[in-house]
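Please open the structure in the viewer and follow the stops below in order.

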Amino acid sequence: MGKTVQNNYWLTPVFLLGWGVYLKTLCPTIYVGDSGELVAAGYGLGIPHPPGYPLYSLVGHLFSKLPLGEIAFRFNMFSGFFTSIAIICLAIYLYRLFNNPILSFSLAFTWAFGVANWEMANTTEVYPLMSALFIMLLLTLSLGKKSKKHGYLYLAALIYGLGLSAHYSFLLFSPGILIYLYWFLPSKGIFKKALLIFTIGLAGWLTFSYQPLRAENQPLINWGNPLNYSNMINHIKRAEYKEVAAVRTKEQFLRQFYYLYRYIRQELPIYSGFLALIGLGIMYLKMRDRKSTRLNSSHIPLSRMPSSA
């Protein structure tokens, strides 16, 4: 079964199953929230709310050219497509982690059809593209760790840069990536390799340069008008949201935490915590057994050592 996964025989049916379900349940038109703004911005190559999500607008514009349904449906299909890509990458990553195809595909589809993720996959939102890039990043780093090839690091840097232009949540993963680089990169020539990695990551993030170029044409959706340096920096920094955050009351913060708690309870029932503890226990025992097996295999009995005679 390991060869099956590695030879990509399962990737197509996994993708088609995920995307097929999403297409069946896809929202046919504009949804609530940011849906209408993102559709209008992507279709007209405009600039939505800060920080502008340039990668989403550019890729979404390509999907808007598909001859399928109305324009809003095409953007919703964009979300389902990239969530399906994320399912494939997650299944491969989990297989490399657990070496169990049934467990890997089951966990991947559990995530795929969770309440929050399924909703995002059916509507126009920036999160499906972000999720796909993040899971691609995890998989790329995993491949690089095993193969010790620096090419995977450079690819991961590009994905990280693109991920930042998809959503700023990628910043939360920076400490873990820095720790990974510290352990992965050899001490010899580390400065040159680190500089190259930074440059590649910056190249991915430079999709933000699209915004002032489009602002010159004054598109219909032109939030913040990032035509000059000051407006562009304020838009990227989400400066206008600081004023909103400054006037939030204690009751509003408590209400947000309550909504977050209710959302987590909806997504993860109470029994899932017990299942997670059981899974961690089984995983610990298996890792301990593997370590014990490696130690025993590395021990050579004296009776089997070659004679000096």
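Contact, as the word is used on this tour, means heavy atoms within 4.5 Å. The model is predicted.

Begin with the meeting of two helices. Select Tyr56, Val59, Gly60, His61 and Phe63 in H4, and then Arg74, Phe75, Met77, Phe78, Phe81 and Phe82 in H5; these two groups are in contact with each other. By residue class, this contact divides into eight nonpolar, two polar and one charged.

The crossing of H4 and H5 is right-handed.

Proceed to helix H3, residues 35-43. Which residues of H3 are buried? Select Ser35, Glu37, Leu38, Val39, Ala41 and Gly42 to see them. The cover over these buried residues of H3 includes H4 and H5, the pair from the previous stop. After H3, select Leu45, where phi is positive, near 50 degrees.

Finally, turn to the cysteines. Select Cys27, which has a relative accessible area of 13%. Buried means under 20% relative accessible area, so Cys27 is buried. Cys89, at 11% relative accessibility, counts as buried as well. How many disulfides does a search of the whole structure find? The search returns zero.

Key
Residues numbered from 1 in each chain as written. Predicted model: local features only at pLDDT ≥ 70, side-chain atom pairs only at ≥ 80, totals over all residues. Heavy atoms only, no water. Left-handed = near helix turned anticlockwise from the far one by under 90°. Helix = DSSP H or I, 4+ residues; strand = E, 2+ residues; numbered from the N terminus. Nonpolar A, V, L, I, M, F, W, Y, C, P; charged D, E, K, R; others polar. Buried < 20%, exposed > 50% of the residue type's maximum accessible area, 1.4 Å probe, protein only. Disulfide = S-S within 2.5 Å.
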